[in-house]
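I opened this notebook to keep track of what I looked up. The entries follow in the order in which I made them.

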Amino acid sequence: MANSSLSLSLLSSIFATVAFFLSWSSVYNCNYVQFTTIQDTSLSLGFGLFSHSWYAISVPLGGSVVFQACIGYGSTAIDGSMKAARIFSILALVIGGIFFFRNIIGGCVNPDKRAYTRSEGVAYLSACLFQGLSLLLLNSPTVCTNNQLIHQLQSELDSRENIQIEFNDTCTLSTGARCCIAAIVFWFLAALASCQATSAEERKGKGNDGGG
């Protein structure tokens, strides 16, 4: 049991590493949620926190091809839920990332000696909370409940007689949202392992004091 605190600390770092990259992916992915079409669910348009996928339509010889690219929202009005989701997602990334990188640097400098503090567990738990609050994007009229960009696209498609594409009115979870949910779980696991490591180190310290 002598190395239990070190093992738990390393486990916390592994969980934090996974959580950080999942959180990064959820923030900068333009497919946080998606709108699929009624005719073909493999065709979809994704919307993220800071960017969204968009289209270019080509009509060769009576057919149609839709090309997609990831672009920023530009002058699109951003509602309160989306602003809050952006802030909370960045807070999760920054707070969790600070302790994540501190552990990496500390492990490289002195791999046999780790710093055990309650603040690390609290930071990872805070990152978990903020990551969860970033799901407020699912209540955003800009993105999910009243997406004007989808309405604009649908109007343009309806005006083209040779293109039969109709998008659903409601969004569904996509890669970014799934990464966000997974990051919530791993931030929580990192916080739990970190707190257990700190407790184990404290018990070890008391045992050494008592033995002395």
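How are H1 and H3 oriented to each other, roughly parallel or roughly antiparallel? I kept in mind that the model is predicted. I looked up the two axes first: helix H1 covers residues 4–27, helix H3 covers residues 118–133, and their axes come within 12 Å and cross at roughly 30°. Angles under 35 degrees count as roughly parallel. H1 and H3 are therefore roughly parallel to each other. I also noted the hand of the crossing, which is left-handed where H1 passes H3.

Next I listed the residues in this contact. H1 contributes Ser12, Ala16, Ser23 and Ser26, and H3 contributes Glu120, Tyr124 and Gln131. By type, I have two nonpolar, four polar and one charged in the contact of H1 with H3.

Is tryptophan 24 buried or partly exposed? Its relative accessible area is 44%. I then looked up isoleucine 90, which is 66 residues apart from tryptophan 24 along the chain; their C-alpha atoms are separated by 8.9 Å.

My last entry is on the strands. Strand S1 (residues 33–36) and S2 run antiparallel and are joined by four bridges. Threonine 36 has serine 44 of S2 opposite. In a regular strand, side chains alternate between the two faces of the sheet. For S2 (residues 44–47), I noted Ser44 and Gly46 on one side and Leu45 and Phe47 on the other. All of these are buried, so both faces of S2 are covered.

How values were computed
Residues are numbered from 1 along each chain as its sequence is written. This is a predicted model: local features need pLDDT of at least 70, side-chain atom pairs count only at pLDDT 80 or more; totals for chains, interfaces and linings use all residues. Side-chain values use heavy atoms; hydrogens and water are left out. Axes are lines fitted to C-alpha atoms, for helices over the stretch in contact, and angles run from 0 to 180 degrees between N-to-C directions. Helices (H or I, at least four residues) and strands (E, at least two) are DSSP runs, numbered from the N terminus. Angles under 35 degrees count as roughly parallel, over 145 as roughly antiparallel, 65 to 115 as roughly perpendicular and the rest as oblique. A crossing is left-handed if the near helix is turned anticlockwise from the far one by less than a right angle, and right-handed if clockwise. Contact means heavy atoms within 4.5 Å. Ala, Val, Leu, Ile, Met, Phe, Trp, Tyr, Cys and Pro count as nonpolar, Asp, Glu, Lys and Arg as charged, and the others, Gly among them, as polar. Buried means under 20% relative accessible area, exposed over 50%, partly exposed in between (1.4 Å probe, protein chains only). Two strands pair if DSSP finds at least two bridges between them.
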